[in-house]
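Dear colleague,

I am passing on the structure below, together with some notes on what was found in it. Please read them with the sequence and the coordinates open beside you.

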Amino acid sequence: MNEYLIIIPAFNEEANIGKVLQGIYARKLPVDVLIIDDGSLDKTAAIARSQSAIVVSHPCNLGYGAALQTGYQYAFAKGYRYLIQFDADDQHDPASLPSMIDELKKGESDILIGSRYLVDSGFAAGFMKKLATGFFRWLIARLTGVKVSDPTSGLRGIASKVFGYYSVRDRFPADFPDADILIQMILQGYRVKEIPVQMRQRLAGVSMHAGLKPFFYMLKIMLSIGIVILRHQLTKKVPDHE
């Protein structure tokens, strides 16, 4: 078994998952690959198995966060040292994986974020994406004092002490783990670092943020951030009275 596990949540990604896996395997990296099939109704799981990926399937669609947590639980149970979150929609470039692994080897970060904004990668985000990214940059810096250029990036490397913590039930949201969890990680003292990566536009399939979903996404994230801050304040150690 390798020390590194790439986890890929996937829901109805039959048009992309084969290409994604081929790109990863072409790098010949010291990694295992886990596909979390989140209740897909298409051939996502079958295609992944045909390319020798490990596949865990949910009986129905539970949400992106639930799929990630399944990956965390698998990685923790199997004793992996690090995992790398990777998207199934072919937006993440496998060429970024060697630098992610090299950086994780240094042991200088608990959460490593692949940022598309540290260099000019040519990635053209939509208006709502730009708005959300800019707002969360400001909010994270305001609440934690830490500057994060790409708080909505799904390309992340995570150390075992972090994914071990979030593998426990009720410690991780089922739908949209994003800036809220990043704020929580920073407030809990985990070390966050970013490195530049290349990302691509989705060419096939449907984004999980399509339609009115971005509106509900922002509402849920803001509510979740409020809960994170409240819990952090409540769990602060109260000085003993002399």
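Leu29 is buried, because its relative accessible area is 18% and buried means under 20% relative accessible area (1.4 Å probe, protein chains only). Leu29 sits in the loop that joins α1 (17-25) to β2 (31-38), where helices (H or I, at least four residues) and strands (E, at least two) are DSSP runs numbered from the N terminus. Leaving aside residues up to four places away in sequence, Leu29 touches Leu97, Pro98 and Ile101, contact being heavy atoms within 4.5 Å. Of these, Pro98 is 69 residues from Leu29 in sequence, yet the C-alpha atoms of the two are 7.4 Å apart.

This is a predicted model, in which local features need pLDDT of at least 70 and side-chain atom pairs count only at pLDDT 80 or more, while totals for chains, interfaces and linings use all residues. Residues are numbered from 1 along each chain as its sequence is written, and side-chain values use heavy atoms, with hydrogens and water left out.

Helix α3 (residues 64-78) has 15 residues and spans 21 Å from its first C-alpha to its last, close to the 21 Å expected at 1.5 Å a residue, that is, 1.5 Å times one less than its number of residues. Its buried residues include Tyr64, Leu68, Tyr72 and Ala75, and among the elements that cover the buried residues of α3 are β1 (4-10), β3 (54-58) and α6. Gly79, which follows α3, has a positive phi, near 85°.

With regards

Technical notes: Buried < 20%, exposed > 50% of the residue type's maximum accessible area, 1.4 Å probe, protein only.
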